[in-house]
Amino acid sequence: MSSIDEITSSDYVLGNKKSLLWVQDSTALVFGIGAGILQLESFKGFAMFVVGYLSVALLYIIWICRLQPAKYYQSPINDIFIESFVRELTGYVMAWTFSYALVG
Amino acid sequence: MALLSTILILFSSALILHSGFSSHEFHQLLKSLPQDSHSYLGHQLPKDIQYEAIAGIITFTIAVFFSFKKLTYYPLQGPQKLITLNHYLHEIRMNKATNVDNLIGNDPYGEINHTPNFIDIHAKREETKRWLEQNDKKEI
Amino acid sequence: MALSVWSVWSLITAGSAGAVAELTLDPKLKYWVLLPISIVMVLTGILRQYIMDLIAPNTKGVPRVKLTESQWIYKAQALLANGSNLSAEAFQLRKEHLIEVLAGGKYLVKLNTDGQAPSPLSDPNLSENMFSMAKGNLANFIPQTIIMWWVNHFFAGFVLMKLPFPLTPRFKEMLQSGVMTADLDVRWVSSISWYFISVLGLNPVYNLLLSDTESIDINAAQQPPTMGGPGEPQPEAVMKGLANDLTIAENESCFDDIEQRVLEKYS
């Protein structure tokens, strides 16, 4: 249950969150592998993560949410940008370290 | 769309693996050079390997986005054609989320609502009797 | 294998300065350490997921009398909150019926003779929840300990790889556990650091691999909330309080002066 404007919610909330999480997880891991292949160092690597994460989130809003994320997510900014940030960051670091070590 | 998505994922994996292998080979060669020579320090990864890796990443994200399908449903009345809605995700507000259910007359709690103990038998009998009388009148 | 790597490494770093020294490591080292640790952790994660599904508690039912009791309380609360939508007669009818029911204690559950709140161990609902939480914590804790022991036992004593990002020197003793040197940069780590990085970063991998099993405990979330547990206001007191509130409630129906408002709006 969210604010007083949204009197009701539905179990599609979970489904939408699941699909967003799937997009963010897969792209974070692949960006990590790419960062390792390109042998990016500390600052450039984190910058690539931030750029990739934000661009994937924006692309999600533009394409899948059709520029109206409030219709599909309660508190869209929190759900799309903030909630999975740490989780994707750690996944990115793991994939980055993995491919950096293997390729380097 | 889903087929295109699978093809693109395979293609992007091939790109990434190939660029990874190329990069690995490059760094092996780089290590075999003497450490202090001036040709060592300036060498970055060749441009084409970089572009290949970046292209692989971008293709992968596009493939992930292509894997979303627009929502569809079959209508009960009208032409029996698959109707494709224009959006990819289900809306969460209850009045919009139950839109398709209302259109096709589906009760998601039908198992509970229609258990025999919950149905008012007398009301149903009266309704059936009235309907039969009306039908008989029509036939006559 | 560890000895040969050690000797190669000691030869090379004998002549290097402190800061990011380029060590030459056996490339097979990485294949034989990174991949097995990752595979083992992913497999144990999947195994743990299946085991949690098997030992998860069943949906706990609530006796019907308890549900009836709490539903009557909700009915009174709903009437107090939304009574303005009813007409005056409808509100009055409901108010009188509810006062009679609540004050008379018609739907109260008969407690045990002592009437005290049941202790957590004896009440089957609460102990079930506690045990499931304990089982969940244990199921997470045991594999982590076992894998950490395994990594420290088999993959210790050598430098594995170079981290892409720098860290503060505090991490040195944690990440370079087998290799105690004073000069080596923190970026060169031993294999236990790969374990730590993996533990943090395997969540997306689990999500992608286990997309069919639900990791959230849906059963617990859908349990209907019941009144009356240790420390909560007992239903009897709540019912009496609600009966009092209802007797003094004044109804402001939305139908009062409705003609006046409609005329004002459209004139």
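Predicted model: local features only at pLDDT ≥ 70, side-chain atom pairs only at ≥ 80, totals over all residues.
Student: Okay, how many residues from chain A and from chain B are in the contact?

Tutor: Chain A gives 34 residues and chain B gives 29 residues, where contact means heavy atoms within 4.5 Å.

Student: And what area is buried between chain A and chain B?

Tutor: About 3,100 Å² is buried between chain A and chain B, and carbon and sulfur atoms give 74% of that area. Buried area here is the accessible area (1.4 Å probe) that two parts lose on being put together, summed over both.

Student: How many salt bridges are there between chain A and chain B?

Tutor: The count between these two chains is one salt bridge, a term for a side-chain nitrogen of Lys or Arg within 4 Å of a carboxyl oxygen of Asp or Glu. That bridge joins E91(B) to K71(A), with the closest N and O atoms 3.5 Å apart.

Student: Which helices of chain A supply residues to the side that touches chain B?

Tutor: Helices α1 (12–37), α2 (42–64) and α4 (85–103) of chain A each supply at least two residues to that side, and the largest share, 13 residues, comes from α1(A). Helices (H or I, at least four residues) and strands (E, at least two) are DSSP runs, numbered from the N terminus.

Student: Changing topic, how many salt bridges does the structure hold over all chains?

Tutor: Over all chains the structure holds four salt bridges. One of them pairs R87(A) with D25(A), the closest N and O atoms being 3.0 Å apart. Because R87(A) lies in helix α4 of chain A and D25(A) in helix α1 of chain A, the pair ties together parts that are 62 residues apart in sequence.

Student: Is D25(A) buried or exposed?

Tutor: D25(A) counts as buried, at 0% relative accessibility, whereas R87(A) is partly exposed, with a relative accessible area of 24%. Buried means under 20% relative accessible area, exposed over 50%, and partly exposed in between (1.4 Å probe, protein chains only).

Student: What else does R87(A) meet in a salt bridge?

Tutor: The side chain of R87(A) also meets that of E88(A) in a salt bridge (3.9 Å, N to O), and D25(A), R87(A) and E88(A) are linked in a network of salt bridges. E88(A) counts as buried, at 0% relative accessibility.

Student: What about E41(A) and R187(C), how do their side chains meet?

Tutor: They meet in a salt bridge (2.6 Å, N to O), and this pair crosses between chains, from E41(A) in the loop between α1 and α2 of chain A to R187(C) in the loop between α6 (172–175) and β2 (188–190) of chain C. R187(C) is buried, with a relative accessible area of 8%, while E41(A) counts as partly exposed at 29% relative accessibility.

Student: Last one, where does UniProt place the "transmembrane region" of chain B?

Tutor: The UniProt record, an unreviewed entry, places that feature at residues 49–68 of chain B; positions are given in the numbering used here, feature names are shortened, and annotations may be inferred rather than shown by experiment. In the model, residues 49–68 of chain B are 90% helix and 0% strand, with the end C-alpha atoms 30 Å apart.

Notes. Residues numbered from 1 in each chain as written. Chains lettered and ligands numbered in written order. Heavy atoms only, no water.
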